[in-house]
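Dear colleague,

I am passing on the structure that I have been working through, and my notes on it follow directly below. Please read them with the model open beside you.

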Amino acid sequence: MIDLRSDTVTQPTDGMRQAMVQAPVGDDVLGDDPTVNALEAYVAELLGKEAAVYMPSGTMTNQVALRSHTQPGDEILLESEAHIYYYEGGGPAALSGVSCRLLPGDGGAFTAAEVERHLRPVDPHFPRARLVCVENTHNRSGGRIFPLETIREIAQVCQQHDLQLHMDGARFWNACIATGISESVYAEPFDTLSVCFSKGLGAPVGSALVGSAEQMVKARRFRKMFGGGMRQAGMIAAGALYALQYQRDRLAEDHENAQRLARGLQGMKGVVIDPATVETNIVNFEVPGQPAAEVVKELAQQGVAVLATGPQRIRAVTNLMVTRGQVDQAVEAIAQTVGGTVPAFR
Ligand SMILES: *Cc1c(COP(=O)(O)O)cnc(C)c1O
């Protein structure tokens, strides 16, 4: 099976498994796990922040961040299809008691002016706006990059209005590799960032929240409250540390493969795609006139796994497990399924 459903399907590599088996461990809730401590120190330094907290998932990392920045009744501002709002089970309302003020996005990005336009006066009638969340890269819009210049303008507005700024950086590594901007420069405007080890990086488990030492003390408390305190977590943290050190640069291959897939689909009969929107490792395309769910089923029979993310929309995500040759095979299978012909590669 050529598995393009997500970059979460990756298997640990041999070197990673070795590192995991050999990792020294301790009780992480008591602060004793040397491998978790090493991972947290490494990721904090990489992002130019004081501290980090390792957690079981990106969802928990985001939700702990929200809880640590807000009080019940507060409001957070984020893009209308942001993962925190769209895919986290109503977590903001259930776990933090906050309401979400949704901003219109263009490829997942919104402007500082849009943030200002949605801020209301400090007045007992209105919820207290406390936090702005940026998603980079943006999942629903197909791995689009949130431009650093725009982020800096948003950070200024946040400062003027006493708002915190959080990045949902599940695919932050992809944004850094694609733009050539270092992690610490990209992270500088943020109070907290959530970064993931189990997507494109290929580790089996975990994300980290990164920020000031003071903020991470709060986060550690909410991680425990939400049930995310782990014991000999060095076993899995070792995979994350290995991924950061040895599997980060290769994300460029995933981006090349995504471009190759997009070019292969461009001009194909029955497919609508704009390759200019493919900036990292996610390829969204439309199959007008055919139910996406049916196309997905037929492709699975041909050994290509993709996801339907809308009635006529399909998502394919290049990853560590998929070679360039397999991308070409996937293009061929899609051409056969939607009834088009395979165009020559440009
Ligand atoms: C996958 C993802 C998450 C959540 O990660 P999990 O580890 O699956 O909980 C958060 N934000 C974005 C943008 C994601 O793509």
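The lining of the largest pocket divides into seven nonpolar, one polar and six charged residues, where Ala, Val, Leu, Ile, Met, Phe, Trp, Tyr, Cys and Pro count as nonpolar, Asp, Glu, Lys and Arg as charged, and the others, Gly among them, as polar. Before going further, please note that this is a predicted model, in which local features need pLDDT of at least 70 and side-chain atom pairs count only at pLDDT 80 or more, while totals for chains, interfaces and linings use all residues. Residues are numbered from 1 along each chain as its sequence is written, and side-chain values use heavy atoms, with hydrogens and water left out.

The space in that largest pocket comes to about 270 Å³, and of the 14 residues that line it, Arg-120, Pro-121, Val-122, Arg-128 and Ala-129 are the closest to its centre. A pocket here is an open set of points on a 1 Å grid over the protein atoms alone, with protein on both sides within 12 Å along at least five of seven lines, whereas a cavity is a set of points where a 1.4 Å probe fits but cannot get out; lining residues have an atom within 4 Å of a point. Grid points are joined across faces, edges and corners, and a volume is the space filled by probe spheres set on the points.

The second largest pocket has a volume of about 220 Å³, and among the 18 residues of its lining the closest to the centre are Ser-141, Arg-144, Thr-277, Asn-284 and Arg-313. Strand β9 gives the largest share of this lining, four residues; helices (H or I, at least four residues) and strands (E, at least two) are DSSP runs, numbered from the N terminus.

Strand β9 also belongs to an open sheet of three strands in the order β9-β12-β11, with antiparallel pairing, where two strands pair if DSSP finds at least two bridges between them. Its edge strands are β9 (282–286) and β11 (307–310). Strands β11 and β12 (residues 313–317) are joined by three bridges, and Leu-307 has Arg-315 in β12 as its bridge partner. Helix α12 (residues 251–265) lies across β9 and β12 and runs at about 15° to β9; contact means heavy atoms within 4.5 Å, and axes are lines fitted to C-alpha atoms, for helices over the stretch in contact, with angles from 0 to 180 degrees between N-to-C directions.

The other sheet to mention is open, has seven strands in the order β2-β8-β7-β6-β5-β3-β4, and is mixed in its pairing. Its edges are β2 (51–55) and β4 (99–103), and the twist averages 20° from one strand to the next. Within it, β6 (residues 164–169) and β7 (residues 192–196) run parallel and are joined by four bridges, with Asp-168 opposite Ser-194 in β7.

Finally, the axes of helices α3 (residues 58–69) and α10 (residues 213–225) come within 9 Å and cross at roughly 120°. Met-60, Val-64, Arg-67, Ser-68 and His-69 in α3 meet Gln-215, Lys-218, Ala-219, Phe-222 and Arg-223 in α10, a set of four nonpolar, three polar and three charged residues.

With best regards
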